[in-house]
Amino acid sequence: MKSILDRFRYGTVLPLTLLVSAAAGLLAAVGLILLPIIAGPSADMRIEPAGGIILVDKDFTVDIVVESTIPVNVFAGELSYNPDVLDIVSIDYNTSIADLWAKKPWYENGAGTLEFAGGTTRPGGFWGTDTLLSVTFRAHAPGESQLVFHDTRILQHDGLGTDADVAEPIDVLF
């Protein structure tokens with residue numbers, strides 16, 4: 001029986017070592033490629049609460065919340081709702097994470113839309129979870145209304161305007 005030193009001298013250990021190293025390198029490369037896919041989106045814009053039952057002629061408030069695991073600095077989108085059932089009463093954007101508005105939150109109750117585009121001037125951008133807007137609605141007629149996001153965008157704080165990988169928005173029902 002040959003010792004390990006003899007096997008190394010005759011080349012049987014070296015190919016095994018190379019084979020193990022190559023396999024480890026391949027697994028690491030595949031992991032780096034799949035990590036963004038497995039990790040999921042880096043940013044999210046959602047409505048809280050996610051639904052409810054509201055009485056006619058009663059007000060209720062929802063928050064548009066941004067959550068990001070990477071630094072971001074621009075937030076934009078459109079929210080639509082059923083104007084036969086709901087009206088926007090007010091929008092609070094002064095306490096939000098955006099301190100600069102390219103398009104101040106603007107709504108049209110007749111069309112059932114709310115549009116916004118703002119950003120933050122915080123050094124390093126924003127990351128974490130916080131409220132972008134608080135929207136107060138009034139139910140003026142019986143019925144159902146979904147709150148639906150359209151054209152939602154969150155941009156990375158990289159100086160290039162790179163889109164963050166944003167989670168697919170979920171509609172909410174009132």
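## Aromatic pairs and the nonpolar core

The model is predicted: local features need pLDDT of at least 70, side-chain atom pairs count only at pLDDT 80 or more, and totals for chains, interfaces and linings use all residues. Residues are numbered from 1 along each chain as its sequence is written, and side-chain values use heavy atoms, without hydrogens and water.

The structure holds 4 aromatic pairs, that is, Phe, Tyr or Trp rings (six-membered ring for Trp) with centres within 6.5 Å. Planes under 30 degrees apart count as stacked, over 60 as edge-to-face, the rest as tilted. Two of the pairs are tabulated here.

| Pair | Centre to centre | Plane angle | Class |
|---|---|---|---|
| Phe-60 and Phe-137 | 5.5 Å | 20° | stacked |
| Phe-75 and Phe-126 | 6.3 Å | 75° | edge-to-face |

Phe-60 sits in strand S2 and Phe-137 in strand S6, 77 residues apart. Strands here are DSSP runs (E, at least two residues), numbered from the N terminus. Both Phe-60 and Phe-137 are buried. Phe-75 lies in S2 and Phe-126 in S6, so their pair ties together parts 51 residues apart in sequence.

The largest nonpolar core has 30 residues. Such a core is a set of buried Ala, Val, Leu, Ile, Met, Phe, Trp, Tyr and Cys residues joined through side-chain atoms within 4.5 Å. Among those with the most contacts inside it are Phe-75 and Phe-137. S2 gives the most to this core, with 7 residues.

Note on methods:
Buried means under 20% relative accessible area, exposed over 50%, partly exposed in between (1.4 Å probe, protein chains only). Helices (H or I, at least four residues) and strands (E, at least two) are DSSP runs, numbered from the N terminus.
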